[in-house]
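Hi everyone, thanks for coming. I'd like to take a few minutes to walk you through a model.

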Amino acid sequence: MGRTIPSYRLASERERSKWKIFRQELDKSERKMFDEMKSYSRLYNAAGVTACKPVLIQPILMSIVFEHYKKLKKLKTYNYQKGPNSFSIKSHKNCI
């Protein structure tokens with residue numbers, strides 16, 4: 001017998017592809033960032049499978065939020081170690 005429910009990975013890819021029209025309306029300079037942001041959810045496929053959420057966009061969005069949270073936390077730690085007035089574009093790029 002075949003599967004009645006698609007795997008989480010395939011279903012999440014299908015969900016991400018629904019955002020194609022949104023992506024097309026973004027400025028060309030923003031499309032790469034949008035694609036990068038969407039790719040973060042792939043990092044947490046295992047967590048998405050075990051979350052068993054009926055609405056697929058929830059674990060996808062949580063993966064993206066979590067990845068951004070981790071980067072902000074890392075940036076905050078990096079800037080704390082450098083001092084309160086140390087933030088610059090160069091230090092930001094080196095941190096992330």
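This is a predicted model: local features need pLDDT of at least 70, side-chain atom pairs count only at pLDDT 80 or more; totals for chains, interfaces and linings use all residues.

Let's start with helix 1, which covers residues 8–17. Which of its residues are buried? They are Y8, A11, S12, E15 and R16. Looking down the axis of helix 1, you'd find these buried residues within an arc of 140°, so they line one face of the helix. And what covers them? The cover includes helix 2 (20–25), helix 3 (28–39), helix 4 (45–51) and helix 5 (57–82).

Now for the charged side chains. The whole structure has five salt bridges, and I'll show you some of them.

One joins R42 to E13, with the closest N and O atoms 2.8 Å apart. R42 sits in the loop between helix 3 and helix 4, while E13 belongs to helix 1, so this pair ties together parts that are 29 residues apart in sequence. R42 is partly exposed at 40% relative accessibility, and E13 is partly exposed too, at 26%. There's a network here as well: salt bridges link E13, R16 and R42.

Next, D35 and R23 form a salt bridge at 2.7 Å, N to O. D35 is in helix 3 and R23 in helix 2, twelve residues apart, so to speak a link between distant parts of the chain.

Finally, E67 and K70 meet in a salt bridge at 3.6 Å, N to O. Both lie in helix 5, three residues apart, about one turn of the helix. Is E67 buried or exposed? E67 is buried, with a relative accessible area of 10%, whereas K70 is partly exposed at 37%.

Notes
Residues are numbered from 1 along each chain as its sequence is written. Side-chain values use heavy atoms; hydrogens and water are left out. Buried means under 20% relative accessible area, exposed over 50%, partly exposed in between (1.4 Å probe, protein chains only). Helices (H or I, at least four residues) and strands (E, at least two) are DSSP runs, numbered from the N terminus. The arc is that of the directions from the helix axis to the C-beta atoms. Contact means heavy atoms within 4.5 Å. A salt bridge is a side-chain nitrogen of Lys or Arg within 4 Å of a carboxyl oxygen of Asp or Glu.
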